Amino acid sequence: MSDSTIYIIDRIVLKPGHARAFIDAYLSEYAPGARERGLTLDRVLVSPPAWIDAESNVVTATWTVEGPQQWWAAAVKGRHDPVYAQWWQSVSPMIVERSRSMAAAAEAVEGLCHV
Amino acid sequence: MYKVTRLLHLDDTADRAAVLRTITAAADSIPARYTLVAPTLPGARNGGDLLVHLQFESESEWSRWRAPIDAATSGSSVHHVDAAEYRGGSPGQDRAGRRNSSSPASVYRTLLLRVDDSASPAELGRFEHAMLQMPVHLPGIRAWQLSRVAHASGTSAWTHVWEQEFADLDTLLGPYMNHPVHWGHVDRWFDPECPEQLVKDRVCHSFCAMSAPVITDTTPAALSAAEER
């Protein structure tokens, strides 16, 4: 990863027993469109890394883009396409809560802010 | 100050120079406290072809003098208008600022947006606070004002106007867009994939050249020395 790599982080708390179905849907339904917009899937983490009855799993999916211009290019492609918001709505029955945040390597912050 | 902004989308066949002359003449015929009538610059998104911005002492003053403006901005060449009327900076006194700078600003930018009705007062407060953090991080923003809309028309029932004066067009299209405070912080309220999204309709992002300060009902902001870069 370069100093200008931006990480787009989805953190999803799933209802007990729904994590595997959510990950399947995320990878098969959501990820292809995200890749078409220019995002690169870095990793999908599961915590705890076990399927335990009656316990929630937290899924953390991390995407990357190279720099703000690529970030905006991907954002603009999805901004006015209702497909993405509709997809999140479709999986909402499986979700307790979720967040999306933007991040960068700590050593990259100064450079990113020096625009 | 009572402010009126109209973003005019003209027909493809319209004589833009003629429409500009008509509206300029109408604006010059009334005693507005400030008048800006100009073509929008390349890069505007849903911002129209002409930007009309007028300022009056009060809403009643605008009501008294609006007829020529209404007529000039509703001609046959105009196929759509997005418009907002507002008291600058209302309701707080901390929603506007001007950075001390020796070089004049050359670009005026206005953003019309609609915050969804479902937003709670707390969410609205966080959103407005985040918007007002942007000038702190972006010295190219020479003046700014976030206002709640009193009367709106057009594609959406606009709730807010976010205005800035920029040093130049490169500052608006470069540092303003590329700073992490924009895409990494504020944009969450505009992003349909973020749970925090409050601005669900398409915004009007419009800007034009300016020759004199537009956001004048403010005082130099109390920015720190570091922020005054």
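# A tour from helix α1 of chain B

Start by selecting helix α1(B). What covers its buried residues includes β1 (2-10), β2 (34-39), β3 (50-56) and α3 (67-72) of chain B. The helix and strand labels come from DSSP: helices are H or I runs of at least four residues, strands are E runs of at least two, and both are numbered from the N terminus. A residue is buried if 20 or more other C-beta atoms lie within 10 Å of its own, exposed if 12 or fewer, and partly exposed in between, with C-beta atoms placed from the backbone. Two residues are in contact if those C-beta atoms lie within 7 Å.

Before moving on, note that this is a predicted model, in which local features need pLDDT of at least 70, side-chain atom pairs count only at pLDDT 80 or more, and totals for chains, interfaces and linings use all residues. Residues are numbered from 1 along each chain as its sequence is written, while chains are lettered from A and ligands numbered from 1 in the order in which they are written.

**Stop 1: helix α1(B)**

Select residues 16-28 of chain B. Helix α1 has 13 residues and reaches 18 Å from its first C-alpha to its last, close to the 18 Å expected at 1.5 Å a residue. The expected span is 1.5 Å times one less than the number of residues.

Now colour B:Val19, B:Ile23, B:Ala26 and B:Ala27, the buried residues of α1(B). They cover an arc of only 100° around the axis, so they sit on the same side of α1(B). The arc is that of the directions from the helix axis to the C-beta atoms. An α-helix has 3.6 residues a turn, so residues three or four places apart point the same way. Turn to the face away from the buried side. It carries the exposed residues B:Ala17, B:Ala18, B:Ala25 and B:Asp28.

**Stop 2: the cores**

Stay on B:Ile23. Leaving out residues up to four places away in sequence, B:Ile23 touches B:Val37, B:Leu50, B:Val52, B:Ala72 and B:Thr73. B:Ile23 is also among the residues with the most contacts inside the largest nonpolar core, together with B:Leu112 and B:Leu113. That core has 53 residues. A nonpolar core is a set of buried Ala, Val, Leu, Ile, Met, Phe, Trp, Tyr and Cys residues joined through C-beta atoms within 7 Å.

Select 141-153 of chain B next. This is strand β7, and it gives the largest share of the core, six residues. Then look for another core, which lies apart and has 16 residues, among them A:Ile8, A:Tyr30, A:Ala61 and A:Trp63.

**Stop 3: B:Val4**

Go to strand β1 of chain B, where B:Val4 has its place. Is B:Val4 buried or exposed? B:Val4 is buried, with 20 other C-beta atoms within 10 Å. Beyond its neighbours within four places in sequence, B:Val4 is in contact with B:Leu54, B:Trp62 and B:Glu85. The C-alpha atoms of B:Val4 and B:Val149 are separated by 9.8 Å, though the two are 145 residues apart along the chain.

**Stop 4: helix α5(B)**

Pick B:Thr171, B:Leu172, B:Pro175 and B:Tyr176, the buried residues of α5(B). Seen down the helix axis, they fall within an arc of 125°, so they line one face of α5(B). They pack against β6 (107-113), β8 (160-166), α6 and β9 (204-209) of chain B.

**Stop 5: where the chains meet**

Show both chains. Here 14 residues of chain B are in contact with 17 residues of chain A. On the chain B side, α5 (169-178) and α6 (180-183) each supply at least two residues. The largest share of that side, four residues, comes from α5(B).

**Stop 6: two loops**

In chain A, find the loop between β2 (40-47) and β3 (58-66), where A:Pro48 lies. A cis peptide bond joins A:Ser47 and A:Pro48, with omega about -10°. A:Ala54 is found in the loop between β2 and β3 of chain A. Its phi is near 70°, a positive value in a residue other than glycine. A:Ala54 counts as exposed, with 6 C-beta neighbours inside 10 Å.

In chain B, go to the loop between β2 and β3 for B:Asn46. Its phi is positive, about 55°, although B:Asn46 is not a glycine. B:Asn46 is partly exposed, with 15 other C-beta atoms within 10 Å.

**Last stop: all of chain B**

Zoom out. Chain B has six helices and nine strands. Its C-alpha trace spans about 45 × 40 × 35 Å along its principal axes. Buried residues make up 40% of its 229 residues.
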